[in-house]
Amino acid sequence: MSVIISPEEVAKHNKKDDVWLIIHGKVYDLTEFLPDHPGGQKIIMKYAGKDATKAFEPIHPPDIIQRFLSPKVCMGSVDLAKLSKVVVEETEEDKKVRLARENMPRLEEMYNSFDFETVARSVLKSDAWAYYSSGSDDEITMRENHSAFHRIWFRPRVMVNVKDVDTSTTMLGSRTSLPIYVTATALGKLGHPEGEVVLTKACKSRDIIQMIPTLASCSFDEIVTAAGPDQTQWLQLYVNSNREVSEKFVRHAESRGMKGLFITADAPQLGHREKDMRQKYIQEEPDEITRNSTAVVRDQGAARAISQFIDPSLCWDDIAWFKSITKMPILIKGIQTAEDAVLAARHGCKGVVLSNHGGRQLDFAPSAIEILAEVMEALKRENLDQGFEVYIDGGIRRGSDIFKAIALGATGVGIGRPFLYAMSSYGVEGVERLMGLFQDEFEMVMRFMGVTKIADIKPDMVDIRNIKDHFVSNPTDYLSKLAYEKMQPRHNSKL
Ligand SMILES: Cc1cc2nc3c(=O)[nH]c(=O)nc-3n(C[C@H](O)[C@H](O)[C@H](O)COP(=O)(O)O)c2cc1C
């Protein structure tokens, strides 16, 4: 029988040589684990003697303590009745977020994906906003992902009967109401206490496919269980250096009905998402160990804390092994050239996702929409286009973006941040509304373009002559700008 411990008793264990924490109602003695915590000691000490569930939950898999720590560290269960009476002081940031949430516009006032982004920025805590919104380095690729769509113009056809428009289609053999899917994004609980199941529920009601991330905040089984019986879900896989872990995960996913395996190939190391990295550094003063160390190990943000297991040795030779352990169609996510799309087809993959990871990996990687036409051409030239499905993601924010991608040969498009923002601000209803807005916008563009079904959307409906004309604004050089302004001579200066 579990020992019941009062919060007052837990509170006494709040020093580095004796540190207890409450997580999900259980009390853990983390004294010995403290120096080994990958996220640093500071964050554990911040919650020493207190309930750490809220900080723990978004960035740890639910079963991580059971998997990595001895059962001996569990001292018992906290007295929940007493815990609920413990008054937790509201921080300045919590207050700001609470007020922003109280003043959110009504959901009906959200008219496009950018509206959700604006609201999310004000209601998300700063670490969540930094993790979701960041791109890598100067964020040139992240911005380019959407601006590239601005270089494609339409060639609309009129005098076509467009009374009835059908936006439904098939992706990897599954029906969907729209040629879009919710792409894999990690750490859903940073934005919403229920995490990724919020997206699952909205996908269920709007008939949209969800790609489940390896690094979800909810467990894989929670997300699958939240789905309806006929709901299609795919699995995104970060390949583990320990292939047994990946094998077990893939086999389990197949047994739970996943209809596609998307292996992420663009993250052999994590990009420098400096917004995310800085955020962590500002929030937490370095502890004595890191402050005094010559080899400074700073906490490098949420992304880095969760991704150390990803195998940088993943290569084309591994595809045969994946094919031997699963019957799911295998697709490579993160293809960035026509040559690699051809290689994926030659290695027996069922398709690819042209993607630069939402501009979070290699800055100056091209946008997916820019390379889509050349990828389709190369596959055709090599006779590899039949039955091979090409998806794209990155920067898709409007129904017109979806249309342009389909016109250039994509089977469907993945959408990431907009759904995270809708989920974080308005929960399931928010995600449903955004899906509805995409539906309305896409249907409207189809009607204006003179097409009534997806199969009729063709490359000659778009003008891509300017697609290669990159014009990129340089990031502002704040350092020299500020230094220059500080150099203004004072009135009585002799300078
Ligand atoms: C917050 C966030 C987390 C992400 N996590 C993952 C991940 O765990 N695995 C993965 O393959 N891609 C991940 N991605 C990349 C997305 O799957 C997708 O490529 C990208 O978000 C598309 O760009 P968009 O956000 O502009 O729609 C993530 C993207 C974001 C914004």
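In this predicted model, a residue counts as buried under 20% relative accessible area, as exposed over 50%, and as partly exposed in between.

Q: Why is Glu374 called partly exposed?
A: Glu374 has 33% relative accessibility.

Q: Which class does Lys468 fall into, at 44% relative accessibility?
A: The limit for exposed is over 50%, and Lys468 has 44%, so Lys468 counts as partly exposed.

Q: What makes Arg465 exposed?
A: Its relative accessible area is 73%. Exposed means over 50%, so Arg465 is exposed.

Q: Why is the pair of Lys468 and Glu374 called a salt bridge?
A: The closest N and O atoms of Lys468 and Glu374 are 3.2 Å apart. A salt bridge needs a side-chain nitrogen of Lys or Arg within 4 Å of a carboxyl oxygen of Asp or Glu, so the pair qualifies. Lys468 lies in the loop between strand 17 and helix 21, and Glu374 in helix 18, so the pair ties together parts that are 94 residues apart in sequence.

Q: What makes Arg151 and Glu144 a salt bridge?
A: Their side chains meet at 2.9 Å, N to O. The cut-off is within 4 Å, so this pair is a salt bridge. Both residues are buried. Glu144, Arg151, Glu370, Glu374 and Lys468 are linked in a network of salt bridges.

How values were computed. Residues are numbered from 1 along each chain as its sequence is written. This is a predicted model: local features need pLDDT of at least 70, side-chain atom pairs count only at pLDDT 80 or more; totals for chains, interfaces and linings use all residues. Side-chain values use heavy atoms; hydrogens and water are left out. Buried means under 20% relative accessible area, exposed over 50%, partly exposed in between (1.4 Å probe, protein chains only). Helices (H or I, at least four residues) and strands (E, at least two) are DSSP runs, numbered from the N terminus.
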